[in-house]
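Welcome! Here is a short tour for anyone opening this structure for the first time. Please have the sequence and the 3D view ready as you read.

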Amino acid sequence: MEGDDCSFPPDSSDDHSQRGSVASSATLSRAQDVLVYLYGESAVHLSVEGLGSVTVQELGRSVREALHIPESAQDAFAFWLSSTLLELQLKARHQPYKLCRQWQDLLYRFTEASEEDISQDEPCLQYRRNVFFPKAKELQIDDEGVLRLLYEEAKSNILTGRYPCDPEHWMGLGALSVALEEGTGLDSQQLTNTIREKKLSSFLPAHVAMGSGGLFSTLRGKSSRQAGLEHNLLAEYKKISTSAGNSPEPTQLLQQYLNTCHTLPYYGCAFFCGEIDKPAQGILQRGKRKTVNVGICLEGVYVMDVKEKHVLLGLRFSELSWDHSYPEEEGDSHILWLEFDGEEDGTPVNKLLKIYSKQAELMSGFIEFCVELKSVSEGGAAAEMDGEVSQPQQPAGQEVSNKNGRGGRRGMLHRQSSVVCSRVHSLNTISYVDNGKEIKRLKPKRAASFFARQATATTYSAVQVADSLEQG
């Protein structure tokens, strides 16, 4: 993470067997072609001298010059090493070539991938949004090129379901995508033909456009459902065409798209993979787990159901404590612990959510850095301003109350029907009260007591991570 020490596995530049054939130092000193990928299926082609030792900072100057990114927006983007198995945001001092040669070590350390998948995986160098770039600064950007880069990334996250959103959001965003890519002058027939030619999944989230269900729903309901989606998309598109009187400028449409995405509290998050326990519903279901994405940004932590495309738990940093633990015995998992306020049969309790993931250490260090960065940016008034700053980012209808008689540490969470809001009732958590009295039998298996550390009223608590990485 920016500003903290990050320990990658030792550089194995002398071990030529790790990544197959390795270019000689003489070859690396000459100019080499490098592709830096962007969202939207495009790339920046660079000719780089001394590829083996070139840093992210040096590459950044070349990419910003090629893309004509103004100085005011140069911090909006960062370099990432990305593949289907792992995504890492790099620091200015990192050397991408050397990290690519360590990629297999990183996959063994931070993923559950098989040896075969690891041996075949190759990362690409991406130029993407910087996780630590504040939303407030992004709202000030008016450069069309920069806005389009941000739009392409946001659109990808919407379409893949990485940013869960409600129908009023994804339908409006889909119409904006049509207007940006096809113009605002299409009539009904032209728009229908365009949608059918490019497919609904080009404008709406895949799980919405493709639908879900069995054979009968596919045979009987798919055509009528898609016709309904096309009709609603056309209605939203017409609103865009007529709302401004004249055809809106591309910059206006891009800003409108991004502003809508900003209402999603997890916009701009780095994403991690993990699993959580499913609530027990019988003997046969014991031990089963649910795959989740964990999004972490400057505002908080969000646990999302990968299959159902909705938020299971969303917490601002002032609403949680956390820790991570390493496996104590063979077969145990790395665990990220999230502690937050809840309720058990009308009694205020503390709840612990266990997230099983080999990226638990990454997530813990990432949370710690975000909290420290937020604290530094807000200065000494961080505690007083937290509620005022974060309140506008609460999903509609989600209320926070400090009247829980528990030292004013955090407010209670309330479940809502929106996909953006928490579903605490669906989580399999460990519950306990402040005095240590157990409500449920399970306790976390830890060398140091998690519960004892929570006795003091602190805004947050975390382990000290000696080495951590940035991850998306």
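I355 sits in strand β12, which spans residues 347-356; helices (H or I, at least four residues) and strands (E, at least two) are DSSP runs, numbered from the N terminus. This is a predicted model, in which local features need pLDDT of at least 70 and side-chain atom pairs count only at pLDDT 80 or more, while totals for chains, interfaces and linings use all residues. Residues are numbered from 1 along each chain as its sequence is written, and side-chain values use heavy atoms, with hydrogens and water left out.

**I355 and its surroundings**

- I355 is buried, with a relative accessible area of 0%; buried means under 20% relative accessible area, exposed over 50%, and partly exposed in between (1.4 Å probe, protein chains only).
- Leaving out residues up to four places away in sequence, I355 touches G274, E275, I276, V294, V303, H334, I335, L336, L338 and M363, where contact means heavy atoms within 4.5 Å.
- S333 lies 22 residues from I355 along the chain, and their C-alpha atoms are separated by 9.4 Å.

**The chain as a whole**

- The chain has 15 helices and 13 strands.
- Of its 472 residues, 50% are buried.
- Among contacts with a separation of 6 or more, 68% join residues 24 or more positions apart.

**Nonpolar cores**

- A nonpolar core is a set of buried Ala, Val, Leu, Ile, Met, Phe, Trp, Tyr and Cys residues joined through side-chain atoms within 4.5 Å.
- The largest nonpolar core has 110 residues, and I296 and L338 touch the most other members.
- A second, separate core has six residues, including I335, W337, Y356 and Y432.
- Setting aside neighbours within four places in sequence, L338 is in contact with V301, V303, L313, S321, W322, K351, L352, L353, I355 and I367.

**The second largest pocket**

- On a 1 Å grid over the protein atoms alone, a cavity is a set of points where a 1.4 Å probe fits but cannot get out, and a pocket is an open set with protein on both sides within 12 Å along at least five of seven lines; lining residues have an atom within 4 Å of a point.
- The second largest pocket has a volume of about 740 Å³, with grid points joined across faces, edges and corners and the volume taken as the space filled by probe spheres set on the points.
- This pocket is lined by 39 residues, of which T84, L85, F272, C273 and N293 are the closest to its centre.
- At least two lining residues each come from β5 (124-129), α7 (144-159), β6 (270-277), β7 (289-296) and β8 (300-305).
- β6 gives the largest share of the lining of the second largest pocket, five residues.
- By type, the lining of the second largest pocket has 13 nonpolar, 17 polar and nine charged residues; Ala, Val, Leu, Ile, Met, Phe, Trp, Tyr, Cys and Pro count as nonpolar, Asp, Glu, Lys and Arg as charged, and the others, Gly among them, as polar.

**Cysteines without disulfides**

- The structure holds zero disulfides, a disulfide being a pair of cysteine sulfur atoms within 2.5 Å.
- C124 is partly exposed at 25% relative accessible area, and its sulfur is too far for a bond because the closest cysteine sulfur, in C100, is 9.1 Å away.
- C165 is buried at 8% relative accessible area, and the closest cysteine sulfur to its own, in C261, is 7.7 Å away, too far for a bond.

**Two loop residues with positive phi**

- Most residues other than glycine have a negative phi.
- E41 has a positive phi, near 60 degrees; E41 lies in the loop between β1 (32-38) and β2 (42-48) and is exposed, with a relative accessible area of 83%.
- H68 also has a positive phi, near 60 degrees; H68 is in the loop between α2 (56-67) and β3 (77-82) and is exposed at 66% relative accessibility.

**Two partly exposed residues**

- Q226 belongs to helix α11 (residues 215-243) and is partly exposed, with a relative accessible area of 23%.
- Not counting residues up to four places away in sequence, Q226 touches L200 and A209.
- N428 is in the loop between α14 (382-390) and β13 (430-432) and is partly exposed, with a relative accessible area of 30%.
- Beyond its neighbours within four places in sequence, N428 is in contact with D277, K278, P279, A280 and L353.
- N428 and R289 are 139 residues apart along the chain, and their C-alpha atoms are separated by 9.9 Å.
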